Amino acid sequence: MPSTRSAVNPLGRCDGWRTLMLLGFTVLIVCGNIVTAAEKGAYFGCYQRDRFARLELTTENRDECVDNCENNFYRYAVLSGSRCSCTNTIQTRIVEDRECDQKCGKQPDANCGGVNAQAVYETGIDVAGPVRNLRIDGEQKEDTIAIRWDVPDDDGVMIDEFEILAQVKRTYASFRIYPVRWSVHNVSTGFELSNLQPGTEYNITVISVSAKGPGGRASIVGSTDFGRPDPEPEEPIILRRFESTIQIQIPRATNNNGPVNYYRVVVHYVNSELIQQIDESQLSTFQQSKENKVPYYIAAELEMKDDESLLFTVGDGREYRSYFNPPITARTHVHISIGVVSILNHVVKVRYATTTHEQHQYPDHHHVNLKTVEIERNDALITILTTACVMFGLVLMAAIVLYIYLHFKTPAANTRPFGDHHELTLQGPILEVENNGYMPDIYEQRGFEAELRDIIDGMDVSKNHARKYLSLDINRVLGSGKYGDILLGSLQRQEQEMPAQVHVITDDMESIDQIAFLNEFRRLTALAEHANVILFHGVCVTPDWCYLLFEQMQTTLKQTLLNARLPINANSVKFSTVSEEIVVNILCLVCDGMQFLADNNVGRE
């Protein structure tokens, strides 16, 4: 008979234990999450007093201690009586809660530890703390600041990276400078902030970033060294030039890299053809420049108050901040440059304006800018001119009265009838004819410069080159003629530097030579290009000079034949290495070019 007792399955007991274990793990996980997610000010426990803990502040308020530790990115706030300290790790053992029997004086519902115990509270901080000992590393530079730091205290939070923020605190720049950010690796303990504005003070902040977001911040103030003045100062305005002085107006300068302390006035005696750049290492006082035989010197160093410009007389013979301002040599070509002087921490940096011939409109500078110079009042001259005008008016009135009187008093019988009048005037222009049979040219009626300008205006625009694309070597004179000198130069054309012959047209030609030049120049401008004729590049016209630009050949026929001559001791019946075929070919090419010139009525002087 089968048994009616229920069978017990041992595997069923194992399933029950397994279920209990899973429930236990679930409770632990939930409790752990509750602990991890504890809010700010939550009581963590009572621990034995740590007598070596660093005192943060003295307070009898729990919330004040917790806030202080939170602001400094500590995980725990520790209260032992009125002593408040902060920590990330608890160094002492836990004790029973009854030993923390002291209430906070200003917060009776809170526990402030005991005689030998301390109450620990959570701050709710779950991000990384700030770096320690943030400092400037190295000397000042114009556009970089180097910083170093020590890693944050070990608070159990993994740092992913450090974020560095630079914000302008004070600057000389006239434009807005935006904050700059960098990110560096979590093991870095230094960084160089680059591309900063010179002469600027920055507030530099290093932020510890963890998986939970930005954490502790540490800040320091750092400055870049001031730089060379920027932008370049403007040229002065030339108001008037006298025999030994020049009146100028100095506009206010802007310096984005540092302060503007002084304005230097530099006098430069230049060549009319070329602009020689100033070597700042040779620039000094008038006496020193005279000894070193350099054509430029510092005439004055001036301060500008709150005005937008400064009027100054160059060559007044006075001294300005140990710089002598001597009189200007009469009838010389002078350029005036302005230098901005920036001084900070006993370091001096200067930048000078670049001068050009456009600084003055006329070669002799005898002009007045009416917009900037007040009209001088000369009372004596005004009196003389007024008296002369009154006398002239009286004489004119007397003449009119006399004419009217004579007109009506003259007998009418002396007049002839209208039909008896004969036309004795010539209809048309009258040309004066000299006895030698020479008739004046139309050139004499308009002038050399007007005729020259008409020819240049009729040329193609591509053959009218600006002065900045032309370079002259005044020490290489290739030849001279009745129309002027020929210099070696170069022309920048289509981003290429081409050697060129520069014909400098003289301004002291005789009238007959001027007429001949104009005729030849007209034929030259109408001449087409030819393979065996030197190419005409065009003209370059400035307020002072007119240049004709021609192709510069690398060698000449004469030089080629000289180089081909055999030495005297050579055992050969020939005297040259050039063959007869090459000579005949050269002669044919020369004849071809000359025939082309003859066909176009271009003669050779």
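These entries cover salt bridges, then a helix and its surroundings.

**Entry 1: the model and the count.** I am working with a predicted model. I searched the whole structure for salt bridges and got 18.

**Entry 2: Glu 142 and Lys 349.** I looked up this pair and found their side chains meeting in a salt bridge, 2.9 Å from N to O. Glu 142 sits in the loop between β8 (132-136) and β9 (145-150), while Lys 349 belongs to strand β23 (residues 347-352), so the bridge ties together parts that are 207 residues apart in sequence. I then checked accessibility. Glu 142 is partly exposed at 35% relative accessible area, whereas Lys 349 is buried at 17%.

**Entry 3: Arg 351 and Asp 230.** Staying on the subject of salt bridges, I turned to Arg 351, which forms one with Asp 230; their closest N and O atoms are 3.1 Å apart. Arg 351 lies in strand β23 and Asp 230 in the loop between β14 (213-223) and β15 (237-241), so this pair ties together parts that are 121 residues apart in sequence. Arg 351 has 17% relative accessibility, which counts as buried because the cut-off is under 20%. Asp 230 is partly exposed, with a relative accessible area of 33%.

**Entry 4: Glu 301 and Arg 264.** Here I noted a salt bridge with the closest N and O atoms 2.7 Å apart. The pair links distant parts of the chain, with Glu 301 in strand β18 (residues 296-302) and Arg 264 in strand β17 (residues 262-269), 37 residues apart. Are these two partners buried or exposed? Glu 301 is buried at 8% relative accessible area, and Arg 264 is buried at 13%.

**Entry 5: a network.** I also found Lys 40, Asp 67 and Glu 70 joined into one network by salt bridges that share partners.

**Entry 6: helix α2.** Which residues of helix α2 (residues 62-71) are buried? I listed Arg 62, Cys 65, Val 66 and Cys 69. Looking down the axis of α2, I saw its buried residues fall within an arc of 95°, so they line one face of the helix. I asked next what they pack against, and the list is β3 (76-80), β4 (83-87), β5 (103-104), β6 (107-111) and β7 (117-122).

**Entry 7: the ends of α2.** At the start of the helix, I found a side-chain oxygen of Asn 61 reaching to within 2.9 Å of the backbone nitrogen of Asp 63. Just after α2, Phe 73 takes a positive phi of about 60°.

Notes
Residues are numbered from 1 along each chain as its sequence is written. This is a predicted model: local features need pLDDT of at least 70, side-chain atom pairs count only at pLDDT 80 or more; totals for chains, interfaces and linings use all residues. Side-chain values use heavy atoms; hydrogens and water are left out. A salt bridge is a side-chain nitrogen of Lys or Arg within 4 Å of a carboxyl oxygen of Asp or Glu. Helices (H or I, at least four residues) and strands (E, at least two) are DSSP runs, numbered from the N terminus. Buried means under 20% relative accessible area, exposed over 50%, partly exposed in between (1.4 Å probe, protein chains only). The arc is that of the directions from the helix axis to the C-beta atoms. Contact means heavy atoms within 4.5 Å. A polar contact is a pair of N or O atoms within 3.5 Å; within protein, one must be able to donate a hydrogen and the other to accept it, and residues adjacent in sequence count only if both atoms are side-chain atoms.
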